[in-house]
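Here are my notes on this one, as numbered points. Have the model open while you read.

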Amino acid sequence: MKQNIILIILLIGFSSYGFTQTNKGKKKDYIDFNKNNKKDIYEDKTQPTAKRVEDLLSQMTFTEKQGQLLMDLGWNMYKRKNDKIILTEDFKNVMKEKSLGALWGFFRADPWSNKTEKTAINPLLAKQGVNLLQKYMIDSSRLGIPMFIAEECMHGIMEVGTKTFPTGLLQASTFNDSLIFLMAKEINHEAKKQGINICFSPLLDIARDARWSRVEETYGEDTYLTSVMGKAFVKGLVNDDKDSTRHILATLKHFAAYGISEGGHNGGSAHIGVRELNSELLPPFFVAINSGAALVMTSYNEIDGTPCTMNPYLLKHVLRDKWKFNGIVISDLHSISGLTSHQTAKDLKQAAEKSIMAGVDMDLSATDFYNNISNVDTNRLNEAVKRVLTKKFECGLFDNPYIADKWQENKENDSLVYDVAKEGIILLENKESFLPLNKEKKQTIAVIGPNANNVYNLLGDYTAPQPQGKVTTIYNGMKTYENKDIKISYSYGCGIKDTSSAGFNDAIQKAKESDVVVLCLGGSSSRYENIEYQQTGAAKVENNTISDISCGEGFDRNSLSFLGNQEKLYHEIKKLNKPIILVLVNGRPLILNKEMKNSNAVLECFYMGEKGGQALADIIFGKVNPSGKLPISIPRTIGQLPIYYNSKIVANRSPYLEDSCLALYPFGYGLSYSKFAYSNLYAKAINNGTDSVCCQINLNVENISDKDGKQVVEVYIQKPISNFTHSSKELKAFKKVFIKSKQTTNVRIQIDNSAFKEFDFNGENENILKGEYEIMIGENSQNIVLKTKIDIL
């Protein structure tokens, strides 16, 4: 009797996940999505994807087709009661009304979504929630089409309980694309094991103005570095290892020119010609598409009067005709309705029609397309639906809609978060080799400042609530070195923006009692305070608020100064004549005054993830030798903006009346506890055919110090005379190498074919530019240590 009960339970379990029984009691070898008791072509996994798509499309009504193009917000579609997930009536009503094809943010947790650690789905509940959702889709809809689940994944999944990596700027400052590949591979693991299909990442916007609120998410100012990092991220994210049953779809953000907005305003106009657009801003997207990206997201801005969400040049000509992209183009949240704000559409219906006809396939909002595309050409509608369905089949959603395995964290990769942080943190100043501190010396160290012990200030935007103890703050990290000889104290000092000096007395007293002060200043993108939000999810900026948030989507700035009382706190502690290690935690470069620059040591950390505090402490005490390099220039004054290392040769870069025109800290800059010498540069051009050349670089790098260390060999080129202006130097290759003390390493690097091409007048075609090229090896973009020349014939 007991065995019969167990058998019945097992049969019910299989039935509940789509493996229904035939009348003869035999299990079907397919999922009967449309419940007609026969195997349709689209239900047959042995059929080619194209035939499955056509079969399913032929059975769909207009409402069902429209629904596949709608991606709604996911966090209101369920409720959590203790450890039980329940689909809400809102979800069921939306499904009846719209026949949704996708959800974004089903796993999301943050103040905007109003999901907390206790009310949000976490990895342990993902199987229950996703299987419940997909079962509803398969059982309750006419054709049983499974749901796309999309999540933000730029520095880890925006979900309670998953790994929180450093943000884009610090990822880029590692100059280690192999490490970024492993990071993205781990995000793939965490996403796939939970039933996520689409990751909204990576962000490939080139950041040329640090006032812009989303600089932290980018890989910085350089086209080549962004291309390399984007390629590594996409390849890691779509890497499937042994599991070929489910695949992650990478989404490239934001197409295009979003990071060069007028005045640094989020979504502001981008002023750029078509040739420069193709040469400098689009290549990272092209490289990432060729690396396996499946979706491209449009941006909010306009270029030369045409908003990107209705720009056929970008969405049709570039993506489809030139690049042969066969994936999905998705709008950014409400960027379709935003066309009415641009005044390029009179109402939402016209905005929807213009955007879909320009090439947008999916609507991130589920309100902009809904009931507004009924008059759209049937062929265009079917084309968009086919693209969505094709990716659903290709990612395994039809053949494996349910999660079978229990969540298991990949403990083997726990060190990855730490590894990215330790390789990305940048040493800007180290007066008289003040660092590393001697951990054998008796000393008291005061860790002071608004970013010294604040969990969320270290993590950046698009971050979920963090379980207690998961994040190592700077103070926590420093405390790991506390012993009978080393004492670590802490004081808050002041807020990021608050002008109160109430914490000064305690901070000054702690500094007086110390031998060294670690002063942790900068900015914050933490949303975990009283913040209001726009419809797009960007923050509403209120000038009278005193929360710490000063960066992150929506927080554009008209200066790059330290806000609140931070400079005053620094000045008061400086008067004590104590050694100061200035630690910068921020989402954008900030301008250091002369007093701050003259600290005993300065470290730029950007947002360094959940293990960043430990990585920083290990650098301060010498367990780790810093090797990060700046992916973005740090200006001397706000008047230099926009500033980037590879401006055109003809651009006026003579000194200003008041100061130098050069960056305070240039692109590619970063110190080490080691010293390196370069020699024996040799470069050889190799012609592989009419339109294919490369350059082999060979040089020696010697570690002339007594400390083992890593160094980034940066390879720049200057192009020959051309019909078009170009930069005095452009990064075209780099390699991070580990060199033991007093040892010499032979470094071989290849400059690829694309480095020797240039676009024609209209940005249409790339051709090899023949002539004499200068090859430069730099410690950074300003300090060139070796040069040679090659001829491309």
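What covers the buried residues of α15? I take that up in point 2, after a word on conventions.

1. Ground rules. This is a predicted model, where local features need pLDDT of at least 70 and side-chain atom pairs count only at pLDDT 80 or more, while totals for chains, interfaces and linings use all residues. Numbering runs from 1 along each chain as its sequence is written, and side-chain values use heavy atoms, with hydrogens and water left out.

2. Helix α15. The cover over its buried residues includes α6 (168-173), α7, β13 (426-430), α20 (612-620), β21 (709-718) and β22. Contact here means heavy atoms within 4.5 Å; helices (H or I, at least four residues) and strands (E, at least two) are DSSP runs, numbered from the N terminus. Eight of the 10 residues of α15 (residues 415-424) are buried, so the rest of the structure largely encloses this helix. Buried is under 20% relative accessible area, exposed is over 50%, and partly exposed is in between (1.4 Å probe, protein chains only). The buried set is Leu416, Val417, Tyr418, Asp419, Val420, Ala421, Glu423 and Gly424.

3. The largest pocket. Its volume is about 1,300 Å³. For the method: on a 1 Å grid over the protein atoms alone, a pocket is an open set of points with protein on both sides within 12 Å along at least five of seven lines, whereas a cavity is a set where a 1.4 Å probe fits but cannot get out; lining residues have an atom within 4 Å of a point. Grid points are joined across faces, edges and corners, and the volume is the space filled by probe spheres set on the points.

4. What lines the pocket. There are 48 lining residues, and Tyr224, Pro283, Lys732, Ser754 and Ala755 lie nearest the centre. Two or more residues each come from α7 (177-192), α8 (223-238), α9 (274-281), α10, β22 (730-739), β23 (744-751) and β24 (757-759). The most come from α8, with seven residues. By type, the lining splits into 17 nonpolar, 14 polar and 17 charged. In this scheme Ala, Val, Leu, Ile, Met, Phe, Trp, Tyr, Cys and Pro are nonpolar, Asp, Glu, Lys and Arg are charged, and the others, Gly among them, are polar.

5. Proline 284. This residue sits in helix α10 (residues 283-290); at 0% relative accessibility, proline 284 counts as buried. Beyond its neighbours within four places in sequence, proline 284 touches Leu204, Ile206, Thr223, Thr226 and Ser227. Its C-alpha is 8.4 Å from that of aspartate 205, which is 79 residues away along the chain.

6. Aromatic pairs. The structure has 26 of them. Rings of Phe, Tyr and Trp (its six-membered ring) pair if their centres lie within 6.5 Å, with planes under 30 degrees apart called stacked, over 60 edge-to-face, and the rest tilted. Phenylalanine 393 and phenylalanine 398 are stacked, because their ring centres are 4.0 Å apart and their planes are at 15°. Phenylalanine 393 is buried at 5%, and phenylalanine 398 is buried at 1%. Tyrosine 665 and tyrosine 669 form a tilted pair, with 5.4 Å between centres and 40° between planes. Tyrosine 665 is buried at 2%, as is tyrosine 669 at 15%.

7. Ring cluster and charges. Ring pairs join Phe175, Tyr224, Tyr645, Phe667, Tyr716 and Phe734 into a cluster. Elsewhere, the charged end of lysine 115 sits over the ring of tyrosine 78, 4.0 Å from its centre, and that of lysine 392 sits over the ring of phenylalanine 148, 5.2 Å from its centre. The test is NZ of Lys or CZ of Arg within 6 Å of the ring centre and within 35 degrees of the ring normal.

8. Backbone spots to check. Serine 201 and proline 202 are joined by a cis peptide bond, omega about 5°, with proline 202 in strand β6 (residues 198-203). Another cis bond joins phenylalanine 255 and alanine 256, omega about 10°; alanine 256 is in the loop between β7 (249-255) and α9.

9. Positive phi. Phenylalanine 175 has phi near 50°, lies in the loop between α6 and α7, and is buried at 1%. Lysine 324 has phi of about 60°, lies in the loop between α11 (312-322) and β11 (328-330), and counts as exposed at 62%.
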